[in-house]
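Reader: I would like to learn how to read a protein structure one feature at a time. Could you take me through this one, with the general idea before each case?

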Amino acid sequence: MAMRSKPRIEPYTHAAAGWGALKYVAINLLKERVAGRDYRMLFRQNQPDGFDCPGCAWPDREHASTFEFCENGVKAVAAESTSKRVTPEFLAQNTVASLMAQTDYELEQHGRLTEPVIYDALSDTYRRISWPDAFATIGARLRALRDPNQAAFYTSGRASNEAAFLYQLFARMLGTNNFPDCSNMCHEATSRGMPLTVGVGKGTVTLEDFEQCDTILLFGQNPATNHPRMLAELRDCARRGATLVSINPLRERGLERFTSPQSPLEMLTNSSTEICSVFVRPTLGGDFALIRGVAKHVLELDDDAVAAGQPRVLDLDFIATHTHGFDAFAADLRAEPWDVIERESGVPRAEIEGLAAIYARGQRVICTWGMGLTQHKHSVQTIQLLSNLMMMRGNIGRPGAGLCPVRGHSNVQGNRTVGIEEQPTAGFLDKLGAAFRFDPPRAHGHDVVDTIEAMLRGDVNVFVALGGNFAAATPDTPRTWEALRACDMTVHIATKLNRSHLVHGRTALILPTLGRTEIDRQDGVPQGVTVEDSVSQVHISFGMNAPASPELMSETAIVANLAHAALGSATVDWRWYAADYARIRDKIAEVVDGFEDYNARVAHPGGFHLHVPAREREWHTPSGKAEFLVNPLVPDTPIARARARHGERVMVLMTTRSHDQYNTTIYALDDRYRGVFGQRRVVFMHEADIRMLGFADGDWVDMSTVWDDDIERRADGFRIVAYDIPRGCIAAYYPETNPLVPLDSVGDLCNTPTSKSIPVLLERAAMQQPPDA
Ligand SMILES: Nc1nc2c(c(=O)[nH]1)N[C@H]1C(S)=C(S)[C@@H](COP(=O)(O)OP(=O)(O)OC[C@H]3O[C@@H](n4cnc5c(=O)[nH]c(N)nc54)[C@H](O)[C@@H]3O)O[C@H]1N2
Ligand SMILES: Nc1nc2c(c(=O)[nH]1)N[C@H]1C(S)=C(S)[C@@H](COP(=O)(O)OP(=O)(O)OC[C@H]3O[C@@H](n4cnc5c(=O)[nH]c(N)nc54)[C@H](O)[C@@H]3O)O[C@H]1N2
Ligand SMILES: [Mo]
């Protein structure tokens, strides 16, 4: 894994995956000595009797007979099975200040945490603490809170349903709904937007629909890097003759051609399959205007059909039977001038009409989307508009068609389902309270951005994290760090050392936990945990590997012990639940709709599918119908305001992922498909913009944010890479660019940081670097 390439830029000209992925993977395996230890593990991933891949939330085929070879999965498994260890001895020898000087990449290389540790201010190091003392320390602090809302409980989407359910029960019995989670920074716009249109915040398709669709529109996603197994599905669709369109400012190489590692013929002959045949390239944040244009032209095509006496383009039956509000929606679209649509989307009218024609030709259309749609100011509106577009032709709730938000973390969807939600419904709280005989707090809690603001005000001062890397994943880095450092106590349940452990409160503990690939025994019996993928399939996962250290506890056991220490076990016998996870599943079945007979159904190979009402054309909206919502196009955005002040020098920055990172975990320094090797501090720019700003390809620049407050936000030392990206747009990697994202730059109605549209100015770097730095 720790292979380092020489810093260089070398455009990638091959198909995605194929030999490149296999070679990389082979090197990983050797480096990590996984091959020597237990190579079989890799073949048990996403198998009926193996573990759920920690790589991403993309579903797998039921009863899959062949191992799906996925670079992402192998990297995640190899990273978890590294032979390197962060022991208490290592931590005693390395001060927090010295570790802070290391990059995220370097921190990742130190390996797995082995024992609980607590911060010692005198030596500025973490020191060994026994598990009982760790729990007692944390329990005492939680019991001493004046108000339970002074604590916040973060979750990253790798936690199992069992751990997450116990965790939310613990926090709610303590008395708070403060559940910031990674979802708040990820698909929140999906979860908040879709319920108002189609009555559910989840995707409406399954893998079977991918087998039947004839058209796929992929919005703002880079699956070759982030969901490689999805690419195999897209390849099959393309080979069947389906039309695939990528809607993305970048022409991501991995969406052009793909060599399937599953296809011996493609691998041997070095051949590949074309994935997307059409690339529509809006400006950053331009999708709302673009989809309006597409929907407007669908109306025009329908007018033409009426005039010519041909079959209608609109699905009038569906609109009449299943929806509400179509006329107002149509009137709003008809009133929108094309020049506004073109200007705001950055796409010429002819191309928008072409996309509308592809959509209108499709008999069974799937729309997928990722962070390119969700991390903007108008993300909720955009996603609602996308479901309106699909409703125009009845593309929801029938075979081969539907909405497909592509989730990130492997169990981020399940975490929400079992109650990690700062805005719980009354119905859920009623059932939770009845099942455990307590009165859950009713006031809504803090999400990620609210939590940071509450910490800055001093209202939240205890932070507990079930996984993740809050300090690196969140926006406005200096302010977030100030907030975390103002805390009385920070507690991290984690597999590996990361930045969040170093940006800590007065009392700080790290509690090391088992990863999903590892055997989890309770009372001598191996336990399985359950997860829900991006298409609402719930299945069980059993670890196969020996734990990285004999001292590790499972997440579920850690949560149970924390709850016992803080609340005692008079009402809930926490450790009894943690001794057999089936007991927790029985309680989930009692509390959460759709989990009846949980233990029996999850024992079935491949698990079970949760009911998604919209998939069956049941609409859980106030009107009982799918809603055509009307959201106006608002040209007055922070970007427009920044340009009014500083003119065309303002660039719109998207912060995105390289190929060799998993969110804040930096595996290696390459971004193969974008041709970047051995470095991460790069900024992709259009050649004409480079010239306009008086720079040259390869120059080093500093970036600063244009915002309406007096706070200086900067990220310094990025090397310009001339790139095929729309004018006025630039791209750089996260988390390095998070200092540029203002805390109050959030999406409407979802409070998600607008990580894909930050107005910035570039200047020549104060510190010029050597050409190959
Ligand atoms: N290897 C790897 N796999 C991962 C992750 C990882 O970090 N590494 N992270 C996991 C997680 S948590 C998540 S959420 C997913 C993320 O997976 P993605 O959703 O693919 O997220 P990003 O890599 O941020 O890429 C966003 C894509 O959207 C495009 N884009 C940016 N702005 C816009 C826009 O305004 N409009 C449109 N149409 N497109 C835009 C970008 O060019 C890019 O192709 O992946 C998961 N899987
Ligand atoms: N600027 C910008 N910011 C972003 C984004 C962006 O595109 N741009 N993307 C956002 C998105 S989509 C997301 S999802 C968030 C991600 O935010 P997080 O989920 O908080 O971050 P991760 O990097 O996924 O967390 C990695 C850490 O999780 C721990 N870990 C790994 N496996 C396990 C496990 O099995 N159990 C436990 N307990 N711990 C484990 C390890 O210690 C590792 O260091 O970041 C968001 N932030
Ligand atoms: Mo995510």
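Reader: Where does Glu-10 lie?

Author: A residue is placed by naming the elements on either side of it. In this predicted model, Glu-10 sits in the loop that joins strand S1 (8–9) to strand S2 (16–17).

Reader: Is Glu-10 buried, exposed or partly exposed?

Author: Here one needs the cut-offs, since buried means under 20% relative accessible area and exposed means over 50%, with partly exposed in between. Glu-10 has 42% relative accessibility, and therefore counts as partly exposed. Leaving out residues up to four places away in sequence, Glu-10 touches Gly-675 and Phe-677.

Reader: What surrounds Thr-176, and in which loop does it lie?

Author: Thr-176 belongs to the loop between helix H8 (161–174) and helix H9 (188–197). With a relative accessible area of 0%, Thr-176 is buried, and beyond four places in sequence it touches Pro-148, Asn-149, Ala-151, Phe-153, Ala-171 and Pro-441.

Reader: Which residues are in contact with His-659?

Author: His-659 is found in the loop between strand S25 (651–656) and strand S26 (661–662), and its relative accessible area of 3% makes it buried. Apart from its neighbours within four places in sequence, His-659 is in contact with Glu-71, Lys-75, Ala-224, Thr-225, Asp-670, Asp-671, Arg-672 and Tyr-673. The C-alpha atoms of His-659 and Ala-731, which are 72 residues apart in sequence, are 14 Å apart in space.

Reader: How should I read a residue that is in a strand, such as Arg-127?

Author: Arg-127 is part of strand S6, which covers residues 125–128, and its 36% relative accessibility places it among the partly exposed residues. Beyond four places in sequence, Arg-127 touches Ala-92, Pro-116, Val-117, Ile-118 and Asp-120. From Arg-127 to Ser-554 there are 427 residues along the chain, and 21 Å separate the two C-alpha atoms.

Reader: What should I look for in the backbone angles?

Author: Most residues other than glycine have a negative phi, and most peptide bonds are trans. Against that background, Ser-536 has a positive phi of about 70 degrees although it is not a glycine, and Asp-597 likewise has a positive phi, near 55 degrees. The peptide bond from Tyr-734 to Pro-735 is cis, with omega near 5 degrees.

Reader: Where are Ser-536, Asp-597 and Pro-735 found?

Author: Ser-536 lies in the loop between strand S21 (529–532) and strand S22 (537–541), and it is buried, with a relative accessible area of 1%. Asp-597 is in the loop between helix H29 (581–591) and helix H30 (598–603), and at 57% relative accessibility Asp-597 counts as exposed. Pro-735 is in the loop between strand S32 (729–733) and strand S33 (758–764).

Reader: How many helices and strands does the protein chain have, and what is its extent?

Author: The protein chain has 32 helices and 33 strands, and its C-alpha trace spans about 80 × 60 × 55 Å along the principal axes. A compact globule of 773 residues would have a radius of gyration near 28 Å, and the protein chain, with 25 Å, agrees with that. Of the 773 residues, 65% count as buried. Among contacts with a separation of 6 or more, 78% come from residues 24 or more positions apart.

Reader: Which residues have a pLDDT under 50?

Author: Where pLDDT is low, the predicted coordinates should not be read in detail. Over residues 63–67 pLDDT stays under 50, and the model has nine contacts for them beyond four places in sequence. For the protein chain, the mean pLDDT is 93, and 94% of the residues reach 70 or more.

Key
Residues are numbered from 1 along each chain as its sequence is written. Chains are lettered from A and ligands numbered from 1 in the order in which they are written. This is a predicted model: local features need pLDDT of at least 70, side-chain atom pairs count only at pLDDT 80 or more; totals for chains, interfaces and linings use all residues. Side-chain values use heavy atoms; hydrogens and water are left out. Helices (H or I, at least four residues) and strands (E, at least two) are DSSP runs, numbered from the N terminus. The radius of gyration is taken over C-alpha atoms; the globule rule is 2.2 Å times the number of residues to the power 0.38. Buried means under 20% relative accessible area, exposed over 50%, partly exposed in between (1.4 Å probe, protein chains only). Contact means heavy atoms within 4.5 Å. pLDDT is the predictor's confidence in each residue, from 0 to 100.
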